[in-house]
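Colleague: I have a few questions about this model. Can we go through them one at a time?

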Amino acid sequence: MTELSTGRHRAAAPVDGGLAPTVDGSVAQWTDRYTHAVMDTFGAPQRVLVRGEGSYVWDADGTRYLDLLGGIAVNALGHAHPTLTAAISAQLGTLGHISNFFASPTQIAFAERLLGLAGAPAGSRVFLTNSGTEANEAAFKLARRTGRTRILALEGSFHGRSMGALALTHKAAYREPFEPLPGGVEFVPFGDTAALEAAFDGEPVAAFFVEPIQGEAGVLPLPPGYLARARELTREHGALLILDEVQTGMGRTGTWFAHQLPHIGAGVLPDAVTVAKGLGGGFPVGALIAYGDPVATLIGRGQHGTTFGGNPVASAAALATIGVIERDGLLEHVTGLGERLRTRIAELGHPLVETVRGEGLLIGIELTAAIAPQIAARALEAGFVVNPCRPTTIRLAPPFVLTDEQAGTFVDFLAALPHDLGADA
Ligand SMILES: Cc1ncc(COP(=O)(O)O)c(C=O)c1O
């Protein structure tokens, strides 16, 4: 058997000077140690993983899984991609971190690249962060700099866990333990144009925050025409249109940004976009992209900052990720494979599958019963990582390097699910 198929992790090369942590131990042993050392915010880990390669990961017992979640829409290039690994290593071995009193060519080239992909006009600027929630914090501050405090967001929204991003997040269970949150945020019903129009008739609005496809809420694309109307309304009322593309951006939907899909964005140019997750291919990187003057200059010197944001290694990771996506034609692959996968799942006609939706490789499988957690648990046992993002929805957000053959093994798994699984639900 090849080393790949046995799934045992490789011994660390001796370049670490003997300082790398040992990976010896079973999943059960590591899980026990986890519960004593790591704060219980996520619950017990489903498995303790020791390595990855391409679209596969291996746990500490040597079991292999097809990673159809990609670190929640992060691992665009899969695991241990050689180009990404080399870019990060080379940058770290040259210039790893500098303060933001200084800049690096890598950071500047990355910022320029991002503006190019975003189709941002002259005068646009980015603010670089380490995560999605930080990108949304920056966007929240951008909105406050309009001089207005009323912000609109959507029911079902998820924008992150820090206080500003949490204020924009709709789910009561996430918000309530931490109130009072920064004020001024009002939620309007998802995809309801008339409700949005009515909301703009009230007090002046600073900004409308919206995900082109709600990810955490179950992979729900905005209805056609909604974003275009939101653009008209924000423009009419002097408000910012801020798109949260943390989950949907960087090629996940087959275009660099989901709003660039004609049936979602209808060609709208937003005032700001936030991005993270797939941006660094697994290395923590985020960004706020502010479109044109005066939006790009609303936050001035000394009004925002970060120690790590935009550091050379993160910037190199992002540039390498973008470079591989372009070099290997991964946007086209994401579009094609996404379509084929959705079609194949729908064509199963499995009584447990109600619909399949999404764009590119952000896919929501809507079930006919509230058994998504049970199906995800069965999938894991069968060697597939998927996510029950809500009781009736399985979310897939696999690496862009996933092959048709690999995807097909999951379709076969679904096909074999007992038809009466939801009977007790
Ligand atoms: C749409 C959206 N915005 C923001 C975030 C928060 O990003 P992070 O977890 O990197 O802080 C997420 C994370 O799931 C997200 O899906």
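Colleague: Is Thr306 buried, exposed or partly exposed?

Modeller: Keep in mind that the model is predicted. A residue needs 20 or more other C-beta atoms within 10 Å to be buried, and 12 or fewer to be exposed. Thr306 has 16 other C-beta atoms within 10 Å, so Thr306 is partly exposed.

Colleague: Where does Thr306 lie, and which residues is Thr306 in contact with, leaving aside neighbours within four places in sequence?

Modeller: Thr306 belongs to the loop between β12 (286–290) and α12. With neighbours within four places in sequence left aside, its contacts are Thr129 and Glu134.

Colleague: Which residues does UniProt list for "binding site"?

Modeller: The entry is unreviewed. Under "binding site" UniProt lists Arg161 and Thr306.

Colleague: Then take Arg161. Is Arg161 buried, exposed or partly exposed?

Modeller: Arg161 sits in the loop between β5 (151–154) and α7 (163–167). Leaving aside neighbours within four places in sequence, Arg161 is in contact with Thr133 and Leu166. Arg161 has 15 C-beta neighbours inside 10 Å, so Arg161 counts as partly exposed.

Colleague: Now α13. What does α13 reach from its first C-alpha to its last?

Modeller: Helix α13 covers residues 330–347, which is 18 residues. At 1.5 Å a residue, 26 Å is expected. The model comes close to that, at 25 Å.

Colleague: Why do the buried residues of α13 line one face of the helix?

Modeller: The buried residues are Leu330, His333, Val334, Leu337, Gly338, Leu341, Arg342 and Ile345. Seen down the axis of α13, they fall within an arc, so they line one face. An α-helix has 3.6 residues a turn, so residues three or four places apart point the same way. The arc for α13 is 145°.

Colleague: What covers the buried residues of α13, and which exposed residues are on the face turned away?

Modeller: The cover includes α12 (312–327), β13 (353–359), β14 (362–367) and α15 (404–415). The face turned away from the buried side of α13 carries Glu332, Thr343 and Glu347.

Colleague: Which residue with positive phi follows α13?

Modeller: Its phi is near 60°. The residue following α13 with that positive phi is Gly349.

Notes
Residues numbered from 1 in each chain as written. Predicted model: local features only at pLDDT ≥ 70, side-chain atom pairs only at ≥ 80, totals over all residues. Helix = DSSP H or I, 4+ residues; strand = E, 2+ residues; numbered from the N terminus. Expected span 1.5 Å × (residues − 1). Arc of directions from axis to C-beta. Contact = placed C-beta atoms within 7 Å. UniProt positions renumbered as here; feature names shortened; annotations may be inferred.
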